[in-house]
Amino acid sequence: MNCPTYHIPVLLKETVDGLDCRPDGTYIDVTFGGGGHSREILSRLSAHGHLYSFDQDADAEQNVPEGETRLTFVRSNFRYITNWMRYYGENEGVDGVLADLGVSSHHFDAEERGFSFRFDAPLDMRMNGRGGQTAADVLNTYDETALSRIFCIYGELKNGRKLASAIIKARSQQPFDNIDSLLAVAKPMMPREREKKELAKVFQALRIEVNHEMEALEEMLKGAIRILKPGGRLSVLTYHSLEDRMVKNFMRAGNIDGKVEQDFYGNRLTPLRQLGKVVIPTQQEQEENPRSRSAKLRVAEKVELPDQRNTNDKS
Ligand SMILES: C[S@@+](CC[C@H](N)C(=O)[O-])C[C@H]1O[C@@H](n2cnc3c(N)ncnc32)[C@H](O)[C@@H]1O
């Protein structure tokens with residue numbers, strides 16, 4: 001099933017080209033969503049190839065192509081990628097991992113999920129829709145320093161501290177429960193001409209915190225390094241600078257600091273090698289699909305380090 005209303009895939013061909021698919025290979029799409037990238041991968045696999053597609057959101061499962069035996073849908077957070085591959089017996093490692101980070105258009109369009117300031121709805125924002133803290137919990141329980149950190153770092157908001165202080169004040173009168181209650185505090189603090197952009201940053205910051213997106217990304221990247229075969233590919237689409245910095249550092253150095261480690265002999269211990277330059281969508285794609293405007297694609301290849309030979313199945 002093709003589902004353009006659920007989500008229009010960004011840099012579709014380029015991201016899948018990054019995997020350099022072998023027809024009989026085994027691949028993972030850690031962010032299935034509407035299934036656009038997964039379907040493109042399947043179109044490049046033979047009957048012997050296999051694709052594992054992850055999504056933590058139950059809504060995404062409706063987009064799984066019917067009767068497609070080459071696809072295994074895994075309804076889970078991608079941070080557990082290594083455990084799942086062990087569970088499925090993929091001990092030889094996989095040929096490629098694709099990630100298209102963040103939320104889908106469906107999340108912004110489903111009013112009741114609370115991701116968009118276009119609608120009044122409960123302040124939820126959980127991608128998995130089932131356990132864990134909601135955006136209302138964050139707003140009502142975090143202290144001022146923690147809220148400030150979220151708005152300044154995850155939202156890159158210049159007035160993040162002022163906003164955190166205003167939230168603490170407002171909630172002492174009435175706890176936050178729906179989007180309008182947040183807008184009533186945040187909107188008057190935003191310059192009119194940039195109101196929408198600034199509110200989008202507030203919502204992005206909360207969403208990242210609610211879903212522990214940076215922690216999950218770090219764990220997934222570490223897992224990908226472990227489960228990729230030597231020569232296997234990692235193809236990642238990011239949409240904001242924090243994600244992009246983390247992916248860039250991992251591809252450069254194999255860790256989030258981007259600091260390259262060396263062995264006793266001075267050999268660089270870098271498990272990945274970035275391939276080519278960062279790819280961004282063409283002007284035409286950006287016009288046709290505004291969501292693609294902030295996208296950046298990075299591709300890397302797993303390097304075989306001397307002490308990693310034949311250890312994929314022992315990690
Ligand atoms: C940008 S969309 C992917 C769109 C997809 N590439 C397509 O072509 O339709 C991101 C998807 O990843 C899922 N997602 C985000 N973070 C996740 C995580 N940590 N674990 C599992 N799924 C995640 C979201 O629920 C969403 O459906």
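Reader: What radius of gyration does the protein chain have, next to a compact globule of 315 residues?

Author: This is a predicted model, where local features need pLDDT of at least 70, side-chain atom pairs count only at pLDDT 80 or more, and totals for chains, interfaces and linings use all residues. Residues are numbered from 1 along each chain as its sequence is written, and side-chain values use heavy atoms, leaving out hydrogens and water. The radius is taken over C-alpha atoms, and the globule rule is 2.2 Å times the number of residues to the power 0.38. For 315 residues that rule gives near 20 Å, and the protein chain agrees, at 20 Å.

Reader: What share of the residues in the protein chain is buried?

Author: Buried means under 20% relative accessible area, with a 1.4 Å probe and protein chains only. Of the 315 residues in the protein chain, the buried share is 53%.

Reader: Is N255 buried or exposed?

Author: N255 sits in the loop between helix 11 (241-253) and strand 6 (272-279); helices (H or I, at least four residues) and strands (E, at least two) are DSSP runs, numbered from the N terminus. Its relative accessible area is 17%, so N255 is buried.

Reader: Which residue has its backbone oxygen reached by the side chain of N255?

Author: A polar atom of the N255 side chain also lies 2.8 Å from the backbone nitrogen of G258. As for the backbone oxygen, the N255 side chain reaches it at 2.9 Å, and the residue is K259.

Conventions: Buried < 20%, exposed > 50% of the residue type's maximum accessible area, 1.4 Å probe, protein only. Polar contact = N/O pair within 3.5 Å; in protein donor to acceptor, adjacent residues only side chain to side chain.
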